Amino acid sequence: MKALRIAAVTVLVLAALTALGAHYIAPAGYEHQFRETPAAAPSSHHLLGTDDLGRDRLARLLYGMRVSLLLAPFAAGLATLLAALIGGIAGYWGGWVERCLMLLVDVFLCVPWLFLLLTVRAVLPLNISPEASVVVTFALLGFLGWAASARVICAGTRDMMKSEFVWMARATGFSGLKLIRLHLLPNLRGTLLAQFWISIPVFIITEANLGMLGLGVAEPLPSLGSLLGELQHVVTLRPEPWQFVPLIVLIVVVSSFQTLLNKQEVRA
Amino acid sequence: MLRSFSLGLLRLLAIMLLASLLGATLMRIAPGFTSDEQQLNSSLSSQSIQAIRQARLADADILHYYRGYVVSLFQGDLGVSQSLNQPVRDLLRERLPVTLRSMAIALLLAWFLGLALAITTQMFHSGFVTFASEGLSGTFISTPAAVLALLFVLLRLPAELAAGLLIFPKIYRYGHNLLQQSYALPHVLTARAKGAGRWRVLVWHVAPTTLPQLLALVGVSISIAIGVLLPVEVICDVPGVGQLAWQAAEARDLPLLVNLTLVVAFATVCATMLSDAARRRFTRAAA
Amino acid sequence: MKRFPHSNLTQNRSRLLRGTQFLLMLALLVFSSAVWGQSGGELRFCLSAEPKTLNPLLVQDNQSETVAYLTSGVLLRVNRITQKAQPELATEWKVLDGGKRIRFKLRSARFSDGTPFTSADVAYTMEKLMDPTLHTAVGDAFRSGDGRVSAHVVSPTVVEITFAAPVANLVNLFDTVPIVSSASPMKEMAALGPFYIAEHKSGSHILLKRNPYYWKKDSSGRQLPYLDSIRLDIEQNREIEALRFKRGEIHLINIVSPAIYDKFSTQDRSLVQDAGPSADTEQLWFNQVASAPIPAYKLAWFTSTNFRRAISEAINRDDLARIVFRGHARPAIGVISPANKFWFNEKLKPHPYDTSSALRRLQQDGFHLDNGVLRDKGGNAVEFSIITNAGNIARESMATMIQEDLKKIGIKVNVATLDFPTIIERITQKFNYEACLLGGVNGDLDPSSQMNIWLSSAENHQWNPSQKLPATSWEAEIDTLMRAQASSGDEHKRKQDWDRVQEIAWEQEPFIYLVNKDALVAVSASVKNAQPSALRPQTFWNVEELALK
């Protein structure tokens, strides 16, 4: 297990460094179109080949990693925070507070939020920069992605409130924020971390799916999600193995995060 | 008991009505509500285009529409789909069984695989097992639904299995964390120290602690399944409710969307209410 | 699932007829030479969405149109190869009063339930079609002026239709008019075409069966169609459609993407065909609506002919055709593609790709380059957005390539892909956009079908719709020319007028036409007598002659 954790840390450090150093590794940039070599196979000039418009795939992967691996955790953090807040308050107070908040959660889970995303996109200026629009998209995903976890956190908090150690803490005078900070949060950490790490790839892929409706990353800025979207054509018609590299990168990065998470959870 | 049942029913109705009204309102304020593809048909006259636009504006007042809809709902009339020109009731009657069947199979697979892997990693503290489980979970959580669904079509495998594989990582993740916490509890450690076998520890000491929270996850997993089935049905052309929902969103089909929101709300809330009830009963029995 | 049964009496009669036919066919099979190939079989292909209606008079979408094409009888049919009208239910016709009247002589035929076809059915169809509460493209095409359209039954086999004013392209318009029965208990579901609708499962498929009373016979006297049935599967995903074709589960793909075309042609060249340039267009236009919520300086750019011509010259159309469409497209010249043999203006050539010329034009309007950034005379950096429909890979790619092309002359372009209803709202109602990239589907070859694009008062005059008075002199000239050609019966004069409209559009470029895509189709080797056309419906326009090996 120690070797696995070292490998996981190495992978994550490498991913971060290559994403940050994209400009040096792939100086052509993610948007330059080498129009004489569209859809080219890997070569010494283009290590992962080019896409249908002749753009270097390696450059797009590195810049895409930067976008997705920076913003997806931000959205996941936002969603987890909201879930912890609402689920935690509901579980802590119980009674009518819990009933009302869980009602809100259930309504939230059933509403088709796609139309809110469309409305927000409509309100944004058409000339908004791709960077700004992708930040807004991920922020929205974070604001909308908390409901499913809030239920689980509420259930966990509620059960913890009935547990012996919380009874003891309350009997010794702990209450309110102090009780939450010193007793509830540490015991919820595992659940919260699980929610956080699961959400990262979910948001990356949701961003790709939203691209089909014009709510993803604007061209020419790449994201891991938009690169994964290209695989829809690879599966049936063009089995070019190098097109699977973004998927492999995502799997390796997510698995590395989860390997480290296991260590944190054991410690907690 | 009767009071509890009545409150539950009221809650269900309230959520269904609120969710569908909110969904209808969001659709109304979203751009493109009054648009119709026919407006770009250059063969249509100006009067025809105006008439088409007016027809779309008929449902513009969302409260008025919703009032009329609720009244019709209690008479059993779910309205007519604007995009498919068929009664919504007929569409739901044809498509719901398809989706329910897909959901049942997907959830069974997801829970079986998720729990099996979570239990295996905790019971057998093997680096290889953990690595394989994490890898499998990481792979399917990172794969877009569309890609997996297409792969399954390519391999002539049922779409429900693709949906199951997309849901299981979340169940595995929660299950794994819950089991990990439970195995670290004092009474479990004591049982293990006293020589209790793996299965005995799992069934008699770990399961009672984790089951309430796992039951809470059941309700959530149903709403996750609904979310996963939508792209899978669209990609694999399964004529279920998910495909209908996508068409409703694309065409801004208000009658269809309102009814689908009702159906989703009903399914989600029933599932969470049942899982909450089961969890409470289990906790009471354990106490 | 709905089934559509015929009456018992009819079924008995048809059983007897089929039995006799079977014996005759058996004899023919033994002794005749099989020029037409094996009979029977079920042709299978896909519809990309659920048809919105099965009533042929209410057709609005492509899928409903496909079903109507396969089941409805028409008075005449435009041959998709020769582009000439040929007799169908009408054996002869005569245009009178310069296009104000048309008289048809009808053949003897029966609907799919045995109900006889007469001139009363034509009159009934026209009455239904011209109902003021019905809003269809087919009906609107006949509304040439204020006043009623009337159909007069001269005899059971002769009918005369009178219009309020002369109708341009009158004859060919009847290619799109599905004749429905006035007497059949099955109403509009009784079919005069080669097939009738036997089964419809929502979200799954539509099954069409051969019409036992179909009037058409082949050259050896054998009744058509050759096929027993057609199964239309509802398949939204083009990748899966291609996969199913590769597996032999379907026989045709009406529109194949360039990527799929290239993939199939490397595996088996005979699977796919390039039927040549289609009549469809892809174009970019700028918002010129005076009241649009865009800055005044941008409106000034977009309304300048020099600006539009410069943008056009800065776009590399050859690259668009080569890269986005993999060579299965060609630079467009104007609204009419070379596929439209009669109406295409051969004197016009594509605008050249010339960035130097583009910059010179811009300089004439006071633009200048400042550290690689193009600025107008007010010092504003030239930056605008192009909207196009999300999910359309070709258009997204074209927009991205145009973004890169215009970067070379210092213009910053932002590409915003939006879902289709949002785009429609922006370009037809709110006008809150700057530039738009969309395509045009030209089903009708005649320029009169484009009145609602080129008239300045029209709703679909996309760059500046519904004008009370023409905003420019060239738009006023186009208005005059379009009205003249619509009311003239002289084909030569109409051609001259329409050629001039194309020249003005070429000079002023309110639409910057990008490419004309080729019609790419896939036809299985087991299908006989297929003659793919560049015009819709590409692969099955002669469905009654198709056979399976």
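The structure is a predicted model, in which local features need pLDDT of at least 70 and side-chain atom pairs count only at pLDDT 80 or more, whereas totals for chains, interfaces and linings use all residues. Residues are numbered from 1 along each chain as its sequence is written, chains are lettered from A and ligands numbered from 1 in the order in which they are written, and side-chain values use heavy atoms, with hydrogens and water left out. Helices (H or I, at least four residues) and strands (E, at least two) are DSSP runs numbered from the N terminus. Among the elements of chain A, the highest mean pLDDT, 90, belongs to helix H3 (residues 57-93), and the lowest, 73, to helix H12 (residues 245-267). Over residues 264-268 of chain A, pLDDT stays under 50.

The interface of chain A and chain B involves 50 residues from chain A and 54 residues from chain B, contact meaning heavy atoms within 4.5 Å. The buried area (the accessible area, with a 1.4 Å probe, that two parts lose on being put together, summed over both) is about 4,600 Å², and carbon and sulfur atoms give 71% of it. One salt bridge (a side-chain nitrogen of Lys or Arg within 4 Å of a carboxyl oxygen of Asp or Glu) is found across this interface. B:Arg11 and A:Asp106 form a salt bridge with their closest N and O atoms 2.8 Å apart. On the side of chain A that touches chain B, H12(A) gives the most, with 10 residues. The residues of that side comprise 33 nonpolar (Ala, Val, Leu, Ile, Met, Phe, Trp, Tyr, Cys and Pro), 12 polar (the others, Gly among them) and 5 charged (Asp, Glu, Lys and Arg).

Between chain A and chain C, 27 residues of chain A are in contact with 38 residues of chain C. The two chains bury about 2,600 Å², 51% of it on carbon and sulfur atoms. Their interface holds 5 salt bridges; A:Arg35 and C:Asp405 form a salt bridge, with 2.8 Å between the closest N and O atoms. H5(A) gives the most to the side of chain A that touches chain C, with 3 residues. By class, this side has 11 nonpolar, 8 polar and 8 charged residues.

Over all chains, 54 salt bridges are found. In chain A, the closest N and O atoms of the bridge between A:Glu230 and A:Arg57 are 2.8 Å apart. A:Glu230 lies in the loop between helix H10 (224-229) and H11 and A:Arg57 in helix H3, so this pair ties together parts that are 173 residues apart in sequence. A:Arg57 is buried, with a relative accessible area of 10%, whereas A:Glu230, at 22%, is partly exposed; buried means under 20% relative accessible area, exposed over 50%, and partly exposed in between (1.4 Å probe, protein chains only).

In chain C, the side chains of C:Arg80 and C:Asp175 meet in a salt bridge (3.1 Å, N to O), and both residues are buried. Helix H2 (residues 62-71) of chain C has 8 buried residues out of 10, so it is largely enclosed by the rest of the structure. The buried residues of H2(C), including C:Val67 and C:Tyr69, pack against strands S2, S3, S11, S12 and S13 of chain C.

Methods: pLDDT is the predictor's confidence in each residue, from 0 to 100.
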